[in-house]
Amino acid sequence: MLFLLLKLPLQQYLIYCRHCHVADASPSLCNDDNGGNKLSIVEAAISAAKTAQASWQLLTAYQRYDLMMAWHDLIMSNKQDLALLMTLEQGKPLAESMGEIAYGASYIKWFAEEAKRIYGDTIPSLNANQSIKVIKQPVGVVAAITPWNFPNAMLARKIAPTIAAGNTIVAKPSEDTPLSALALGELAKRAGIPAGVINIIVGTDSKSIGELFSRHKDINKLTFTGSTRVGKLLMEQSASTLKRLSMELGGNAPFIVFEDADIAAAVDGAIQAKFRNSGQTCVCANRFLIHDSIYDSFVSRFVEKVKQLKVGNGLEEGVHLGPLIHPQAKTKVLELVTKSIKQGAKVLYDGHSSKHHTILHPIVLTDVTNDMDIAQLEIFGPVAAIQKFETEQQAIALANDTQYGLAAYFYSQNLSRVERVSTSLAFGMVGINEGIISNAAAPFGGIKESGFGREGSYLGLDDYLNIKYLCTRF
């Protein structure tokens, strides 16, 4: 059914190998159960990428631009089918899926343009008989591991800078959402991007594939989006080859509302920042810090907005929150809520319970403190945990009291406060009077245990390029 909806012959790319647990068009590459290498298909993909990279990097930036824009245009012309596929396999409302397809495509367009602006430098020399030049070159073969929560956009924003810079890529999407990735690969092929430049493998043995990526001598860079725990493991495994790394890891975003904020705007921003994708985003508002003088007003307005959110099948019209990714996700969120209640939190609002194993209605908790697990761990679900503060300094201290440093949000109409708070928050991204901050022109990434490296903006190519210094005597 999915293949008919997409009008894409994905079945020829999704031949499941029972030995390797990866998708490939030639399962004969895999050895049998008698002790052979179960990752031979991944090895083949890496070899294909290495072979293709030699010719791909020789194309001009304008040639790569043309191919990437053809890919972008195919994605946009198939936007409805791609969005439908995403909703069916991931669960988010169809309107959100449509938005994600356009968002992912925007990275392809952005980096297609940026490929034409990979500039070097000429540096004045201390020696009259020397010239100093700096050029930028592709890092080589890139491995990418992407999550299920944004199965199109997370992959697009890794592939786009990779190939724009002249590299090739072997990408492993989440086993929970492989079809969106395979559809992108098919459209890249139709756009004329040569074989071996983009290689997508799918499989359930994520641990083994990740370790192979980390340790493989022909993988020059690894880019990963996922949990801090797995990111640390991949870093340890990559030490043996000293490969380039980009890590976009966990988050614990504070959402601060000061007493001088536009409360109506803050409530709207809070709804967006908390409940997009049913709260399953790394930049999702995790902790709401509200000044005590406006606390009651904000909370009452916020709860009224929450009550208006429709939860259900993402294909139904008017649905704002779809199901969580799997039953274990719902169980984990509810266990976190139960523990917070035992620690002293109060349930202010709990949407009517659903017996469906993945549907979770919004929950609003008050009397939360920063030492509770729900304030220190990613919730990754539609639960708003609210606490009070009294002073600006206290709000900043509470916000920064976390091992993570991905995104933060605050609302204030005081320009002096905006300057003070934005520079004091220890996060890689800060939304000021804004609940949705990500776009292709901006550098996406964090600090502390939220990782390093940036995706998007003109800075996003740097992680995929080597700097070479040329000293010439004449």
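**Note on the predicted model: helices, sheets and cores**

1. In this predicted model, the cover over the buried residues of helix α5 includes α3 (61-77), α4 (79-90) and α6 (153-164). The buried positions of α5 are S97, E100, I101, Y103, G104, A105, Y107, I108, F111, A112 and E114. Helix α5 itself runs over residues 94-114, and its 21 residues reach 31 Å from the first C-alpha to the last, close to the 30 Å expected at 1.5 Å a residue.

2. The largest nonpolar core has 53 residues, and those with the most contacts inside it are M68, W71, I75, I163, I193 and I198. Helix α6 supplies the largest share of this core, namely eight residues. Apart from residues up to four places away in sequence, M68 touches I108, F111, A112, A160, I163 and A164; of these partners, I108, F111 and A112 are also among the buried residues of α5.

3. Six strands make up an open sheet of mixed pairing, in the order β5-β4-β3-β6-β7-β17. At its edges stand β5 (198-200) and β17 (451-452), each of which has a single partner strand, so one side of each is left without a neighbour in the sheet. Helix α6 packs on this sheet and touches β3 (141-145), β4, β5, β6 and β7, with its direction at about 165 degrees to that of β4.

4. Five of its five residues are buried, so β3 is largely enclosed by the rest of the structure. The burial involves both faces, with V141, A143 and I145 on one side and V142 and A144 on the other. Strands β3 and β4 run parallel and are joined by five bridges, and in β4 the bridge partner of I145 is K172. Another parallel pair is formed by β6 (residues 221-225) and β7 (residues 244-248), also joined by five bridges; here L222 has L245 of β7 as its bridge partner.

5. Leaving aside neighbours within four places in sequence, T168 is in contact with A49, K50, A52, Q53, W56, G140, V141, V142, T162, G196 and V197. The side chain of T168 also reaches the backbone oxygen of A49 at 2.8 Å.

6. Several of those contacts of T168, including A49, A52, Q53 and W56, belong to the buried set of helix α2, which is made up of S40, I41, V42, A45, I46, A49, A52, Q53 and W56. Helix α2 (residues 40-56) has 17 residues and reaches 24 Å from its first C-alpha to its last, close to the 24 Å expected at 1.5 Å a residue.

7. A further open sheet has seven strands, again with mixed pairing, in the order β10-β11-β12-β9-β8-β14-β15. Its edge strands, β10 (346-350) and β15 (429-432), each pair on one side only. On average, and with direction ignored, neighbouring strands of this sheet are turned by 20 degrees against each other. Helix α12 (residues 327-342) packs on this sheet, where it touches β10, β11 (363-366) and β12 (383-389), and its direction makes about 25 degrees with that of β11.

8. In the seven-stranded sheet, strands β8 (residues 253-257) and β14 (residues 407-411) pair in the parallel sense over three bridges, and V257 stands opposite Y411 in β14. V257 is also one of the contacts of H291, which, neighbours within four places in sequence aside, include F258, E259, F389 and E390 as well. H291 lies in strand β9 and, at 9% relative accessibility, counts as buried.

9. The loop between α10 (263-275) and β9 (285-291) contains S278, and this residue counts as buried at 2% relative accessibility. Which residues does S278 touch, not counting residues up to four places away in sequence? Its partners are L321, G322, P323, L324, G381 and P382. By contrast, S278 and A239 are 39 residues apart in sequence and 36 Å apart in space, C-alpha to C-alpha.

Methods:
Residues numbered from 1 in each chain as written. Predicted model: local features only at pLDDT ≥ 70, side-chain atom pairs only at ≥ 80, totals over all residues. Heavy atoms only, no water. Helix = DSSP H or I, 4+ residues; strand = E, 2+ residues; numbered from the N terminus. Expected span 1.5 Å × (residues − 1). Buried < 20%, exposed > 50% of the residue type's maximum accessible area, 1.4 Å probe, protein only. Contact = heavy atoms within 4.5 Å. Polar contact = N/O pair within 3.5 Å; in protein donor to acceptor, adjacent residues only side chain to side chain. Core = buried A, V, L, I, M, F, W, Y, C linked by side-chain atoms within 4.5 Å. Pairing = 2+ DSSP bridges. Axes fitted to C-alpha atoms, helices over the stretch in contact; angles between N-to-C directions.
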